[in-house]
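Take a moment to look over the sequence and the 3D picture below. Then let us walk through two of its features together.

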Amino acid sequence: MKALFISYNQALNERINQVLDKHFIRGYTKWPLTHGRGSVDGEPHMGTHAWPAMNATILAVVDDQKVKPVLEELRRIDDQAKQHGLRAFVWDIVDQM
């Protein structure tokens with residue numbers, strides 16, 4: 001099992017939800033309002049007058065074989081919408097209950 005952490009501009013909500021649905025990722029935790037700023041470039045997403053955009057963040061635990069196809073789709077979305085900001089990270093799940 002892997003933990004898939006996805007943080008993205010809220011403008012991408014529908015597209016991210018489509019990816020999750022397509023790959024039958026039903027269970028996840030979502031933080032609908034998260035702040036962030038890219039490590040290299042891009043505008044901060046802080047929900048302020050100066051930086052009004054906001055991020056959403058999802059954490060899903062998925063089977064190993066789902067990770068690669070989901071990341072490939074997320075990369076395509078990011079390539080098409082670089083100005084929005086999208087990041088995904090994967091961690092090993094060592095135990096669960």
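This report looks at a helix pair and then at a group of aromatic rings.

The model is predicted, so local features need pLDDT of at least 70 and side-chain atom pairs count only at pLDDT 80 or more, while totals for chains, interfaces and linings use all residues. Residues are numbered from 1 along each chain as its sequence is written, and side-chain values use heavy atoms, leaving out hydrogens and water.

**Two helices side by side**

Which residues of helix 1 and helix 2 meet? From helix 1 come R15, I16, V19 and K22, and from helix 2 come V70, E73, L74, I77 and Q80; contact means heavy atoms within 4.5 Å. By class, this contact has 5 nonpolar, 1 polar and 3 charged residues. Ala, Val, Leu, Ile, Met, Phe, Trp, Tyr, Cys and Pro count as nonpolar, Asp, Glu, Lys and Arg as charged, and the others, Gly among them, as polar.

**A cluster of rings**

A pair of aromatic rings is described by the distance of the centres and the angle of the planes. A search of the whole structure finds 2 aromatic pairs, counted when ring centres of Phe, Tyr or Trp (its six-membered ring) lie within 6.5 Å. Planes under 30 degrees apart count as stacked, over 60 as edge-to-face and the rest as tilted.

| Pair | Centre to centre | Angle between planes | Type |
|---|---|---|---|
| F5 and F89 | 6.2 Å | 45° | tilted |
| F5 and W91 | 5.5 Å | 55° | tilted |

F5 lies in strand 1 (residues 2-9) and F89 in strand 4 (residues 86-92), so their pair ties together parts 84 residues apart in sequence. W91 is also in strand 4, and its pair with F5 ties together parts 86 residues apart in sequence. Ring pairs link F5, F89 and W91 into a cluster.

F89 is partly exposed at 42%, and W91 is partly exposed at 45%. Buried means under 20% relative accessible area, exposed over 50%, and partly exposed in between (1.4 Å probe, protein chains only).

Technical notes. Helix = DSSP H or I, 4+ residues; strand = E, 2+ residues; numbered from the N terminus.
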